[in-house]
Amino acid sequence: MKNWKISTVSFIAAAVLAVSGCGATGSGSSSSSESGLTTVTINQAVKTLSYLPLYVAQDKGYFKAEGIDIKLDTGGSGSAAFSAVLGGSADFSIQDPVFSPKSHMSGGDGVIVSAVMNAPAEYLVGKSSTSVVNNLKALEGKKVIVSPEPDSTWAFMTYLIKENNLKNVQLVNVSIGNELAAVAAGQADYAMVAEPNASKATMEQGLHEVYSFPEDSGWSPYAFSSLTTTKKYTQSHKKETQAVVNAFEKACQYIYAHPSEAVTIGQREFPDMDASIVKHAVTHSIEMKSYPEHALVSKESWKNAMTIQAFIKNVDGLNTKNTSYATNVDPSFAKAAEKS
């Protein structure tokens, strides 16, 4: 789950590093290893099944085939992951793509070069098995568990209520990880959760999926997670950037060409999670096309993401210079990767 509001102090501090020319926005942290491969550091916000393309690229040796030795760090949050790029300890980060426009709002130069998650993998689950996909009015008068404002489940549910003019829908905030227990205890009718909790809800809690954001054409494609760096890095490290994006493109294609093998990779990456839950979560995400089929972040997926970010006032508007596709996405590397 992602915390969408960024600490102003920490983010501006990171932006100052970028403006002053420190770290990755200057020379970058890429280096040559003894094996002859170029070491590139990626900082992921957290370790999650949502980032499966990264793990597939590692497992299948796609980075090494491109001459890259990946050093993988985990920041613990989206802010920490992207700050690692700005501070110079990482070349790329993986997190919510909102950090790119936020950087431009602070005078930085963030840029997105590849998709990692291409749909809002959030699902409404409840004790009732009746779908609300074609009857959202059925949610009126109900209680829905969401994570605390401004996390993504709160943001999506709030937007859904507003856009459909739903009345008397009560949102109940609980700490992340306690959503299913709250519904099971009768504290609410539904819960909004992401994978693998959506799979746990249906497989272990006896709950039912009644609404899927990624399955709703109005929400997909959606730039949910991305591979982010800085424009200065891409300009000074074009070869490395292209190599990394090439690996992500191969991984995206592999997931859809070999779904059962993708499940196996997910199970290896998360040995402490029940294998059946991993299988269901990965398979479900593939069926919903939550993982990108290609590395390219499309204009449509970007617009959908910025619509939500503008709605929760996390950016300075939907169609501003800071939030525009041209400012934040460099599609050249993904387009070249798809052709190669």
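This is a predicted model: local features need pLDDT of at least 70, side-chain atom pairs count only at pLDDT 80 or more; totals for chains, interfaces and linings use all residues.
Colleague: How many nonpolar residues are in the contact of H2 with H10?

Modeller: On the H2 side you'll find Leu52, Pro53, Leu54, Val56 and Ala57. They meet Ala247, Phe248, Ala251, Cys252, Tyr254 and Ile255 in H10. No polar and no charged residues take part, and the nonpolar count is eleven.

Colleague: How is H2 set against H11, roughly parallel or roughly perpendicular?

Modeller: Helix H11 spans residues 259-269, and its axis comes within 10 Å of the H2 axis. The two cross at roughly 95°. Angles of 65 to 115 degrees count as perpendicular here, so H2 and H11 are roughly perpendicular.

Colleague: How many charged residues sit in the contact of H2 with H11?

Modeller: From H2 come Leu52, Tyr55, Val56 and Asp59. In H11 they meet Ala262, Ile265, Gly266, Arg268 and Glu269. That contact divides into five nonpolar residues, one polar, and a charged count of three.

Colleague: What about the second largest pocket: what volume does it have?

Modeller: Its lining includes Asn118, Ser220, Lys289, Tyr291 and His294. By class, the lining has four nonpolar, four polar and three charged residues. The volume of this second largest pocket is about 170 Å³.

Technical notes: Residues are numbered from 1 along each chain as its sequence is written. Side-chain values use heavy atoms; hydrogens and water are left out. On a 1 Å grid over the protein atoms alone, a cavity is a set of points where a 1.4 Å probe fits but cannot get out, and a pocket is an open set with protein on both sides within 12 Å along at least five of seven lines; lining residues have an atom within 4 Å of a point. Grid points are joined across faces, edges and corners, and a volume is the space filled by probe spheres set on the points. Ala, Val, Leu, Ile, Met, Phe, Trp, Tyr, Cys and Pro count as nonpolar, Asp, Glu, Lys and Arg as charged, and the others, Gly among them, as polar. Contact means heavy atoms within 4.5 Å. Helices (H or I, at least four residues) and strands (E, at least two) are DSSP runs, numbered from the N terminus. Axes are lines fitted to C-alpha atoms, for helices over the stretch in contact, and angles run from 0 to 180 degrees between N-to-C directions. Angles under 35 degrees count as roughly parallel, over 145 as roughly antiparallel, 65 to 115 as roughly perpendicular and the rest as oblique.
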